[in-house]
Each structure stands twice: as C-alpha cells, then as structure tokens.
Amino acid sequence: MATTREKGCLSCTSVLWCITFLGCGVNYMIRSNINIAIVSMVKKRSSDGSAVVSECFHSDINITRNYTLNESLPEVEPIDDDNELRFDWDEHEQNVVLGAFFWFYWAAQLPGGMMGRHYGTKKVFGISNLMISVTTLLIPLFASLDYRILVALRIFQGICGGFCWPSLTYMISRWIPTNERGKFMSAIMGSSVGAALTFPLCGMIIHFFNWQAVFYVTGTIGIIWFVGWWLLVYDNPADHPRISESELKHIQNGIGDSVSEKKLPIPWCKILTSWPLLANIMLAWGCIWGMFTLLTQAPTYFRNVHGWSVQKVGFFSGLPHVCRMILAISVGHLCDYLLSSGKLTVTGVRRVAGFIMNTLQGVFMLGLAFSGCNSIMATICLTAALAMSGAEPNGALATYIDLSPNFSSVLMGIGNMVCVTPGFLSAALVGVLTYKNQSSDQWKKVFLISTGILLVPGLIHILTSSSKVQEWNFPKSTAKEMKEGLSEKDVEAQQRLTSDHETEDHQDKEEETKS
C-alpha cells in the first residue's frame, strides 16, 4: 500500500492490514475447525448392508462397481480408538452440525452492516470474533451432551459471526483510497490462510492429542487476537493517536469527498432496485457456493472417496487456501495496476476479477466432477478451483465499496444476507446426495451442480455489471443535502461524481467497441 510512514516504522495502514488479515484468519479458523475435527469425532458406522462406499478404495485393481460396507475393503487407517470419545452420527446429522453455523448467519448480515456504520468496525468486528472464539471452547462439552445441543451452539456462533464481514467495509472506505483498495482487500484473504493453517494444524493436534484440543487451541488463538485488535485499531484515520501527518494527508487526499462525515439517510428503495448491486450479489452467491462446498466438504470428500488419513486430509485440504491467498494478492496488484495506469475502468477491472472468481472456478469444478478415482487430478482441480475464488475481494467485495462508499456496509450486509445461504444449502445438498452413498458418482453430482451455479452468474456479470459510484451515494437534491446537514464540500463532491460517471461511461463504450 502506497501510504507514507515514519522512518523505521510500519504505517498505520500497514498495521491495519496485518491485524485485519489475522482477524479474517481467526474468523475462518473458528468456523472451519470442525470440518476437519468431525472426521475424528464420528464413529466408523457399522454396516447394515445398505450403505454404499466409494469404489475408489478398489481403483488400484480397476474395479468400478460400488461396494457395500459388509464387503471386504482394503485396510485404511482406523478412525476409531476405544480411548477416544466419538459419536454415532450419520451423514445427515454430520451435515446438520456442519451447516448449522450458517442457518441464521444470513440474518445477522444486514444488522452487522448497519451496526458497523453506527458503532464502527472496531467494536462490531472485534466483539463478534471474540464471541465465536469464546464459544468454540464449549464445543467439546456441548457435543458430549447431544448433537442437537451442539447444533444450537453452532447456530449461536453463526449469528455472532454474521456481524463480522459487513462491518469491515465501513473502516476500509475511510482508510483506503480506491486505487489502493485491491491490495488492501487481500487482507480478507487472511481467511484462506486461516483455513490453510487450520486443516494441517488440526490434523496434527488430533494426531498428537485428541479432537477436543482442536477447539481449545483455536478458541484461545481467537481471544489473543482480540486483545491486539482492541489496542491497535481505530475506525477513522483522524482518530488514530499514532498516525503521522503525512500518512493522514495521503489518505484524506486519496479518498477525497466520496465519503461523507455526516450520517446520511439510507436510500433503501434505490439500493434494493439497483441492477449493478443485484448483478454483483448474483456473482458473489455463485462464487461462495463453490467456495463453501469445497471448504466445508473437502475433508469428508478426500476421507470417504479416496480413503485418505486424517493427517493427509489435513495437509491437502489446507493447500488450496494457500494458493487462494497467493492468487488474491496477485490479482489485487494486477487490478490496482490496471486502474492506476488507466488501462481499464473500475467496471472493467471488476469484470476481470469476476471472470476469475466464477468462470475459471467453474471450469476447474467441472474438472473435479470428472476426476473420478484419480486422486491426483482431484487434488489439482480442487486446489485450482478454490484458488480462483481468491479473486473475490477484488471483484464482488470491492464492488460494494465502489458502488457506494457511504453505504458500503449496508450493501455488503444485503449481499451477504443472500450470499451466506450456500453455507447451509450446500451442506444440506451434500447430505442428501451422499446419505449412505459415498461413491464418486454421487460426489460428481455435487460438483456438477456447483459448476452450473458458478458459470451462470459469472456470464451475467461479464455482460451486464457496473462498478461506477451510484448517484444515490449522495442525496440527489442540493436542497435536501443542506436540509440533512451536509457540508458544501459534500454537495460539490456529488457534482464531481457526476462528471466522473460521464467520463467512465465514455471509457466503457470505447472498451465495448474494441471488444
């Protein structure tokens, strides 16, 4: 980030990036720790002769038919230990536990955005992460009582976690200028690093200790992060006691007047009928469906279809998230370059990111669907598909701020309210398709459905999207602006934004003519 800093010290913006990066990592570590832990939490179910296991256990001798659980299978690392507490949960119950986090996660998105706007990102994002960290410590106790009690805890965690992400845009819109936003948005990819570390870390914890330790370790890490967040983060650069004059001036000049210091009335009708916003939400929904399907189900898929050990599952389930982080940083630098050099408009840059996050992810998801028992191909396609979703911060997420810096937290709240539904819908679909049938054919159906969900909104976005600042970012009438208590500076900003719209319209038409 091109912010100035005092000699020998990190700039406040750099510190903000680091602590936000870690916070996003903690958030995903907490929500995904159970995805790997559940492999060891659940008993190996005894056969009733009706369940179907993966034919890939026998792929080495080229047998392609399905095998029932009462037939002889190759030796696989045992998942049961008489000294370990394990639960007799079937596929449906397991997926209920995995998906419960997202049942009401959606309901907290819009309130999270509005609370971020009212109370600030520091309080909303910080306390929400603290709550899910503390409640993670209770998972072993609740699981031992009844899986339905654990489901209730996961629902509560989802509600608390739902306030996190929409609140972030409030702070970002006040700290980061538009042409530096791509690089800063890569901080959100801390989620990928969190997930990448969680899978192998939890695999090792389970190997050396037990599955309960997974929740004690990750919950404690979240609490430690909160202390750092509370001490180092401020919602507005002008409020930061350690920011240098030069850095503050750089931020204020870069952001200009696109963000009002006054609390503006929310133009609900215009927001809810905005096609650019709807197209962006569809894009994000498709991307998140693919991402959540892979994030949540990868350990179960590799364990049940390819017969991998917990340690191997942990390592290779975490690998895609490292690639996702690398791609996010790369795309962020590319987008900022294309914008600052004038090679593409904001809309053009967001369309490039949208193509990567949905269309390319869909192509690799299709490859995963047809990978069959080839574990090498499955690993490559799954890794690449999840990596492509790393363009999301520079596509759908950045667009919420592009469309309306003043109401970005509200837009993201609305978008996330819709886009988190794949968290439980995908888990429910997998539970139905793979219930007592862990064959590669059933998982192929899961991945084909995900492919379609990725490609359709990706195409719509390429053809119809826009990322220009919308006219309703400021109230239209000058008289109304003055009545609401806005400064003359804000009124002049609206006039400049109108001029910018006309310039970008001309550039967009030139791009379409060339294409």
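1. Where pLDDT is low, the predicted coordinates should not be read in detail.

2. On confidence overall, the protein chain has an average pLDDT of 79, and 80% of its residues reach at least 70. Strand E2 (residues 67–68) has the lowest confidence, with a mean of 37. The highest value belongs to helix H4, at 94.

3. Helix H4 (residues 121–136) packs with helix H1 (residues 12–41) at an angle of about 30 degrees, and their axes lie 10 Å apart. The crossing of these two helices is left-handed.

4. On the H1 side, the residues that meet H4 are Gly23, Cys24, Val26, Asn27, Ile30 and Asn33. Their counterparts in H4 are Phe125, Asn129, Ile132, Ser133 and Thr136. The residues of this contact comprise 5 nonpolar and 6 polar, with no charged residue.

5. The largest nonpolar core holds 127 residues. Those touching the most other members are Met41, Trp89, Trp165, Ile271, Leu368 and Phe447.

6. Phe447 deserves a separate remark. Its contacts, leaving aside neighbours within four places in sequence, are Leu294, Tyr301, Met365, Leu368 and Ala369. One of these, Leu368, is also listed with Phe447 among the core residues that touch the most other members.

Note on methods: Residues numbered from 1 in each chain as written. Predicted model: local features only at pLDDT ≥ 70, side-chain atom pairs only at ≥ 80, totals over all residues. Heavy atoms only, no water. Axes fitted to C-alpha atoms, helices over the stretch in contact; angles between N-to-C directions. Helix = DSSP H or I, 4+ residues; strand = E, 2+ residues; numbered from the N terminus. Left-handed = near helix turned anticlockwise from the far one by under 90°. Contact = heavy atoms within 4.5 Å. Nonpolar A, V, L, I, M, F, W, Y, C, P; charged D, E, K, R; others polar. Core = buried A, V, L, I, M, F, W, Y, C linked by side-chain atoms within 4.5 Å. Buried < 20%, exposed > 50% of the residue type's maximum accessible area, 1.4 Å probe, protein only. pLDDT = per-residue confidence, 0-100.
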